[in-house]
Amino acid sequence: MGLLGSNFVRAMIKKGEQVQVWNRTASKAKALEIYGAKAFDDVSEAVKGADTIHLTLKDDDTVNEVLAMASTGFAAGAVIVDHTTTSAKGAIERTAAWKSRGYTYLHAPVFMGPQNALESTGTMLVSGDQAVISNVGPELSKMTGKLINFGPEEGKAAGIKLIGNLFLLSLTAGLSDTLSLAKAQGISASDVAALFDSWNPGAMVPARLRRITEGNFTQPSWELNMARKDARLMIEAAKQGGTKLSIIPAIASEMDHWIEKGHGNDDWSVIAKDSIP
């Protein structure tokens, strides 16, 4: 019953669902009773009689621990839907383990913030047994703006969630460097915001990804040598302005590696060549 889980509960209740809740910190579950939830101190009691059990926890170990505690209260044939960001390996193992005990486990991680959970917007990911997804999908679709089915491969949704989160971490780190360089040059955050209000580099992502995955780097739109020169200017400007860049020095090092391999005149995205699946 953290930020995401508690708002899932409130949204379910608004849709007329009867919801029983539990949290390690009992007060967080108790706080939802004003919305119509029924809180329990014992997780095995909270799941009794429930057709569907939703989890929004921290990691693999926490999911395994809570499910073990709750399992004595599971109704026959109960469906377990886990929204926790976990490893693909853990999701695969849990799917098989709970199936062997007569229960359905479906990993359904999300790209949703608390407000999304409350408003039933955002994105939810699933993969695995398509018959299970067909049965559970309509209910999950009510919880989110978009339910994306990545096919029959167990654990794929977990892997995709980690990939998406990696991009978000990289994006935030890139914005941090962007603001550091602005600070070093006496440029305000509002001027940076004005730039991105008018110029949307995010729109370039699909084309950039396509160029990388196609592996065609011989027709550059930005030569690696020129990109490396710009990286040098960024690092120098930040140093002169007394700020620190976290990401750009690592990128510059990777650029040097590929220039040494003779790719200086190729498109700068050649630095991602060895990462292509």
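Serine 120 counts as buried, at 14% relative accessibility. This is a predicted model. Serine 120 sits in the loop between helix H6 (114-119) and strand E7 (123-126). Its phi is near 60°. That is a positive value in a residue other than glycine.

**Two more single residues**

Tyrosine 105 belongs to strand E5 (residues 104-107). Is tyrosine 105 buried or exposed? Tyrosine 105 counts as buried, with a relative accessibility of 4%. Leaving aside residues up to four places away in sequence, tyrosine 105 touches Leu67, Ile80, Asp82, Ala91, Arg94, Thr95 and Trp98. Histidine 54 is 51 residues from tyrosine 105 in sequence. In space the two are 10 Å apart, C-alpha to C-alpha.

Leucine 3 is found in helix H1 (residues 3-14). Leucine 3 counts as exposed, at 68% relative accessibility. Leucine 195 lies 192 residues away from leucine 3 along the chain. Their C-alpha atoms are separated by 33 Å.

**Helix H4 against helix H5**

Two packed helices are described by the angle between their axes and the distance between the axes. Take H4 and helix H5 (residues 88-100) to begin with. Their axes come within 11 Å. They cross at roughly 15°. H4 and H5 are therefore roughly parallel to each other. The crossing of H4 past H5 is right-handed.

Which residues of H4 and H5 meet? From H4 come Asp60, Val63, Asn64 and Leu67. From H5 come Gly90, Ala91, Arg94 and Trp98. By class, the contact of H4 with H5 holds four nonpolar, two polar and two charged residues.

Leu67 is one of the H4 residues in the helix contact. Ala91, Arg94 and Trp98 are among those from H5.

**Helix H8 against helix H9**

Now the other helix pair. Helix H8 covers residues 156-184, and helix H9 covers residues 189-198. They pack at an angle of about 125°. Their axes are 9 Å apart. That angle makes H8 oblique to H9. H8 passes H9 in a right-handed crossing.

H8 brings Thr178, Leu179 and Ala182 to the contact. H9 brings Ala189, Val192 and Phe196. Five of these residues are nonpolar and one is polar. The contact of H8 with H9 has no charged residues.

**Salt bridges**

How many salt bridges does the structure hold? There are 11. Three of these pairs are set out here.

| Residue | Partner | Closest N to O |
|---|---|---|
| Arginine 24 | Glutamate 65 | 3.5 Å |
| Lysine 229 | Aspartate 230 | 2.7 Å |

Start with arginine 24 and its salt bridge to glutamate 65. Arginine 24 lies in the loop between strand E1 (20-21) and helix H2 (26-30), and glutamate 65 lies in helix H4 (residues 60-70), so the pair ties together parts that are 41 residues apart in sequence. Arginine 24 is partly exposed, with a relative accessible area of 49%. Glutamate 65 is partly exposed as well, at 40% relative accessibility.

Aspartate 256 counts as partly exposed, with a relative accessibility of 28%.

Lysine 229 and aspartate 230 form another salt bridge. Lysine 229 counts as partly exposed, at 31% relative accessibility. Aspartate 230 also counts as partly exposed, at 22%.

How values were computed: Residues numbered from 1 in each chain as written. Predicted model: local features only at pLDDT ≥ 70, side-chain atom pairs only at ≥ 80, totals over all residues. Heavy atoms only, no water. Axes fitted to C-alpha atoms, helices over the stretch in contact; angles between N-to-C directions. Helix = DSSP H or I, 4+ residues; strand = E, 2+ residues; numbered from the N terminus. Parallel < 35°, antiparallel > 145°, perpendicular 65-115°, else oblique. Left-handed = near helix turned anticlockwise from the far one by under 90°. Contact = heavy atoms within 4.5 Å. Nonpolar A, V, L, I, M, F, W, Y, C, P; charged D, E, K, R; others polar. Salt bridge = Lys/Arg side-chain N within 4 Å of Asp/Glu carboxyl O. Buried < 20%, exposed > 50% of the residue type's maximum accessible area, 1.4 Å probe, protein only.
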